[in-house]
Amino acid sequence: MFLFSQGLKTLSAVVCLVALCPAAVAVQISQATVPAVIPTESSAIDCATELALLEQSVANGLVDQARQHINDRQTEAAAIALTQAFEAIGQVEDVAAKVTLLDQIINSYEGSADRSLIEQLVNQANPPQQQQVAAVLPQAVQVTQSLSSGYSAIKTRTLTSIARYYGVLEQPQQAQPVLAQALQASRLIRGAEFQTKALTDIAQVYMAIRQPQLAVPIVAQSLQFAQAATYPDVNRRARSLEPIARLYAQLGEPDRALQVAQQIEDAPYYQSIAMIAVIDEYLKAGQVNPGGQLNQVRLLDRAVSIALDIPADDQRAIILGAIAGRYAEARQPDRAAELLGQALEISAWARTTSEREQAAVAIIVRYAAARQIDDALRFLGDFDDPTAKATGYGAIASLYAEAGQTERAQATLTQAVQNIAAIADLSNRNLVRQQLIDQAVQSGHYDLALQVVQTVDLAEEPEQTSVSYSRAQNLTQLANQAIAANRYDDALKITQAIPPTYVEWRDRLFLQIARGFAEAGDFDRAQAIAQQNVDPGFQAQVFAVVAAQIQLVAQQIDPATELFKQSIRLANTIDSAAEKAEVLRAIAAEQFRVNQPEAATQLLNQAVELVKTIEDEESRLSTLQAISAQFSAANQHQAAIQVTDAILDAPVRRAAAIADAIAAAIEGGDISTALATLNRLDDPATKTTLLLKIADRYTQLSQRSQAASALAQAFQMAQTIPGEESQTVNVRGGENPLTVEDEQDRGSLLAAIALKYAQIGQEQQSLQVAQALQDPAGRDALMLRLRCYGATPAQ
C-alpha cells in the first residue's frame, strides 16, 4: 500500500478504478473547496494537488478510451468518449493542463506524422457517421472558448482546427462562426509573427470551405503583420511570407502574389515554392484562354519571365517544363522545344548521366501533364537509366489512364515494368516498383497498381534481403487500400491475384469485399463471392454476412432467413471440430447483428460443445477465451459469460475469462449482468476491483445510491482479502530486480473505497472504511486525503 508521505503516486491507480463523470467532478470540487476542518498550509497544497490530479486523470482516462475506440475504428463509441472527455476537460481548473489536453486532442502539426484524435476520427468517418462526429465539435468549441486571453495563440489555433474539421465533414455553415471566433481570439495574440501564422491559417480554412471573399481581408492583414515582424533568421520570415503568396495566387491575384514572393530574400527554397504557386495561376489562366491564343501566349510569356527568376535550379527547371507543355498546347512548338531544352539543361548541371536522367523525369512528367503525353513519351525513349525510365513511364501511364486512353496506358506500363526488371540492385528495384504502385493508388488506378505488383517473380525473393518484397503481402495491402476506398470491384480483382497458398489472407479479404458489396445493396455480387473458395466454412461465412446485410439494408426477412439456413447447413458439413466451431461462431455473430439472440445463442452453445471435444488443451482454452472476448466486443455480454462456463479444467484461465467478461459488461453499461456474475469468482481482490468499477459506472450515470451500494459490497469483500495489508509484487528478478507496491492488496483497495465514498459525498462511510486500515501511518495519510473531499474525522 502506498503512503501519503510518498506523494500521490497511487492516485492514478485509484482513478483508473474511479472514472468519474464530469458532473460528479464538479460536485466533488465544490465539496472540497470548503473543508470542515481548515488544513495546514502544507496539507492545503496537497489537497490542491489531489483534486487537480483527479480532474486530469478523469479526463486522461476518457481520452485514452477515445484513442482506443479510434484505433479500433469504433466511430460511435469514440465520439461518445470524446464528448465525455471535453466535458471533463471543462472541469479542469489547471489551465496549463487543460491547454495540453485540448492541444493533444484537436491540433495536428505540420511536419509531424502523428495526427490529432479529432482529425483521425474525422478522416475515418464515412458519410452516415459524419453528423455524429460533427456533434462532438460544439463541446470542443465551448471548452476552447473558456481559455483566457493569456492563451490566445493556442485558442486561435484550436478554433481554426475545429473549423477545418467542420469543412472536412461538409458542414461549412458551422465552420464560419467558429472561424469568426478564431479571428476574434487572434486579436489578442502578442507578437506580429504569431499573429501572421494565426491569420494565415484562418484564411486557408476560409479558402477550404469555398469562402474566398472572406479570406481576402484576412490575407491582407496577415501580410501587414508579416512585414512588420522582426525575425531571428531569414527562414522564419520566408515561412511567414510563402503561404501568403500562395493564398494570393489561389485568390486569383497572381501579380500581388508575385510581389509577396519577391519579398522573400535569402531563402531560395521558400521563394521558389511561392513563385511556382504564382506561375501555376498564370498557367491556369492561359489554359482557360478567355482572350484567345494571343492572350494565352501573353500569359505564358509572363510566366516565363517569373520562372527565370526562381532561385532554386531544380524547381526552376521543373516549372519551365510545365510552361513548355503549355506553349505546345498553344501551338507554339518552337518556343516549347526551346524551354524544354533549357529546363533539361538546367537539370543536367553538375550531375552524372544517371542522376541527370532521373532529375529530368520530373520535368518531362510536368511537360506531359500539359497534354503533351506523346511527346514526353518519345523523350523518355532516349534515356538509358532504367530507374529514370521506369519512373517516367509509370507516371505517363497514369496520365494516359486519366485521359481515358487505356491501350496506351497499358503499353506504357509494360515499358515501365520492363525497365524495373532491368534495375540491377534489388533494393532499388523494389523501391521503384513500390513508388509506381503508390502513384497508381493515389491516382485511383488500382488496375495499374495490380499489374505492377504482379510483375514480381516470387523466385527473386531470397530468404534475406535488405528490402524484402512479397507479392502476397503487397497484394494484400493493395486490396485493403481498395476496400478502404470502397473500390470493391478493384479489391476483388486484386484479391483473386493473391497466390492460392495464402488462402487465409484471401478469405479474410473476400469476406470484407462481400460485406462491402452487400452494404452497397449489390447482394448478387456479394453472394457470388462464395464461389471464390469451395471450402464450406468459407461459403457459410459469406452467406451469413450477406444474410445479415440483406436484413439490415433491404429489410428482407425471408431471403435473409433462407441464407442463414443455407449457411448453417454448410457449417454442419465440416468435419473438424475447431473449424466448425469457428464458423458457427461467425454465423452467430451475424445473427446477433440482426437481433436474433435466440438463434445466435443456439449456435453458440453448439460451438462451445464442439470446442469441448478439442483434445489439445491450449487450443481448446484459447478458442473458448477468444469466443468469449469476441462476444464481449459485440456487447453480447451474457453470451460472453456463458462461454466461460465451458472452461472447467483450468480454474485460473476460467477466472481470468470471467473477470474480463464482467469488466467488458461494466464498460458496456450492462451492470446487472456484471453483478449477477460476480459470485462466479472466488478471489476477493478481483471481486473488489470489479465492484469499484461498477461504482464508477453508476457514478457516471449519476446514480449515487447504487454507487454507494456497490461500494458497501466492495468494503465487505475487501476485508476478506487474505495476507498482509500492504504487499509488494516482484516485477523483475535477476541482477536488477524490480519490486513495486501491489495495487490490489487489502490496504490499497480499502483506500480506494474510502476515497470513492468521499468523492460521491458519503463522508461518514469514507471515514468508516479508513478506520479499518490497521497501519497507523497509512490510515493517517488517507485521513489527510479525505479532508480534501470534505470528510472530517470524528473529534
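A cavity is defined, on a 1 Å grid over the protein atoms alone, as a set of points where a 1.4 Å probe fits but cannot get out, and its lining residues have an atom within 4 Å of a point. The structure is a predicted model, in which local features need pLDDT of at least 70 and side-chain atom pairs count only at pLDDT 80 or more, whereas totals for chains, interfaces and linings use all residues. Residues are numbered from 1 along each chain as its sequence is written, and side-chain values use heavy atoms, with hydrogens and water left out.

Two cavities of 30 Å³ or more were found in a search of the whole structure. Two or more lining residues come from each of α21 (386-402), α23 (426-442) and α24 (446-453), where helices are DSSP runs (H or I, at least four residues) numbered from the N terminus.

Six aromatic pairs are present; rings of Phe, Tyr and Trp (its six-membered ring) pair if their centres lie within 6.5 Å, and planes over 60 degrees apart count as edge-to-face. Tyr269 and Tyr270 form an edge-to-face pair, because their ring centres are 5.2 Å apart and their planes stand at 80 degrees. The Tyr367 and Phe379 pair is likewise edge-to-face, at 6.0 Å and 65 degrees. Tyr367 belongs to helix α19 (residues 353-369) and Phe379 to helix α20 (residues 373-381), so this pair ties together parts twelve residues apart in sequence.

Methods
Rings of Phe, Tyr and Trp (its six-membered ring) pair if their centres lie within 6.5 Å; planes under 30 degrees apart count as stacked, over 60 as edge-to-face and the rest as tilted. On a 1 Å grid over the protein atoms alone, a cavity is a set of points where a 1.4 Å probe fits but cannot get out, and a pocket is an open set with protein on both sides within 12 Å along at least five of seven lines; lining residues have an atom within 4 Å of a point. Grid points are joined across faces, edges and corners, and a volume is the space filled by probe spheres set on the points.
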